[in-house]
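I opened this notebook to keep a record of what I looked up, entry by entry, for a reader who is new to the structure.

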Amino acid sequence: MSIRISSSCNHCNSFTEANLCKTHELKVSEEYTCDQFSILQQLDKSMHCNSCQRHHRPDCAHPDLAADGMLCASWAPKV
């Protein structure tokens, strides 16, 4: 099993609001991932520059474009 930020539980169809995985019938967190990941077909507007751990850091993929509320494919959760 590989660990991928973009394939985390909060992007999966099996993740419930109660932090339960419907596939594995386990309590999980947003940082977990698995090989049975099934992506949600929608944008999550909570994943923007202000909630990204890379915002204002040298490893930001788009430092000249990053702005409050901007969505990005390189987003990483603050932990």
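**Entry 1**

I began with Ser-14, which is buried at a relative accessible area of 10%, where buried means under 20% relative accessible area, exposed over 50% and partly exposed in between, with a 1.4 Å probe and protein chains only. I note here that this is a predicted model, in which local features need pLDDT of at least 70 and side-chain atom pairs count only at pLDDT 80 or more, while totals for chains, interfaces and linings use all residues. Residues are numbered from 1 along each chain as its sequence is written, and side-chain values use heavy atoms, with hydrogens and water left out.

I then placed Ser-14 in the segment before strand 1 (20-21); helices (H or I, at least four residues) and strands (E, at least two) are DSSP runs, numbered from the N terminus. Not counting residues up to four places away in sequence, Ser-14 touches Leu-20, Cys-21, Lys-22 and Thr-23, a contact being heavy atoms within 4.5 Å.

**Entry 1: the chain as a whole**

I looked up the secondary structure next, and the protein chain has zero helices and two strands. Of its 79 residues, 27% are buried. Among contacts with a separation of 6 or more, 50% join residues 24 or more positions apart. The protein chain exposes about 5800 Å², of which carbon and sulfur atoms supply 54%; accessible areas come from the Shrake-Rupley method with a 1.4 Å probe, and for residues only the protein chains shown count as cover.

Which residues does Lys-27 contact, leaving aside its neighbours within four places in sequence? I found Ala-18, Asn-19 and Leu-20. Lys-27 itself lies in strand 2 and counts as exposed, because its relative accessibility is 62%. Its C-alpha atom is separated by 9.5 Å from that of Thr-16, 11 residues apart along the chain.

I turned to Glu-25, which sits in the loop between strand 1 and strand 2 and is exposed at 71% relative accessibility. From C-alpha to C-alpha, Glu-25 and Ser-14 are 9.4 Å apart in space, and they are 11 residues apart in sequence. I also noted that Glu-25 has a positive phi of about 55° although it is not a glycine.

Asn-19, one of the residues that Lys-27 contacts, likewise has a positive phi, near 60°, in a residue other than glycine. I placed Asn-19 in the segment before strand 1, and at 28% relative accessibility Asn-19 counts as partly exposed.

**Entry 2: the cysteines**

How many disulfides does a search of the whole structure find? I recorded zero, a disulfide being a pair of cysteine sulfur atoms within 2.5 Å. For Cys-52 the closest cysteine sulfur is in Cys-60, and because the two are 6.7 Å apart they are too far for a bond. Cys-60 is in no disulfide either, and its nearest cysteine sulfur, that of Cys-49, is 6.3 Å away. Cys-52 is buried, with a relative accessible area of 8%, and Cys-60 is buried as well, with 15%.

**Entry 3: the cavity**

On a 1 Å grid over the protein atoms alone, a cavity is a set of points where a 1.4 Å probe fits but cannot get out, and lining residues have an atom within 4 Å of a point. The largest cavity has a volume of about 110 Å³, a volume being the space filled by probe spheres set on the points, with grid points joined across faces, edges and corners. It is lined by 13 residues, and the closest to its centre are Cys-49, Cys-52, Cys-60, Ala-66 and Cys-72.

By class, the lining has eight nonpolar, four polar and one charged residues; Ala, Val, Leu, Ile, Met, Phe, Trp, Tyr, Cys and Pro count as nonpolar, Asp, Glu, Lys and Arg as charged, and the others, Gly among them, as polar.

**Entry 4: His-55**

My last entry concerns His-55, located in the segment after strand 2 (26-27). At 15% relative accessibility, His-55 counts as buried. Not counting residues up to four places away in sequence, His-55 touches Cys-49, Asn-50, Ala-66, Ala-67 and Asp-68.

Terms used. 1 Å grid on protein atoms, 1.4 Å probe; cavity = no way out; pocket = protein on both sides within 12 Å on 5 of 7 lines; lining within 4 Å.
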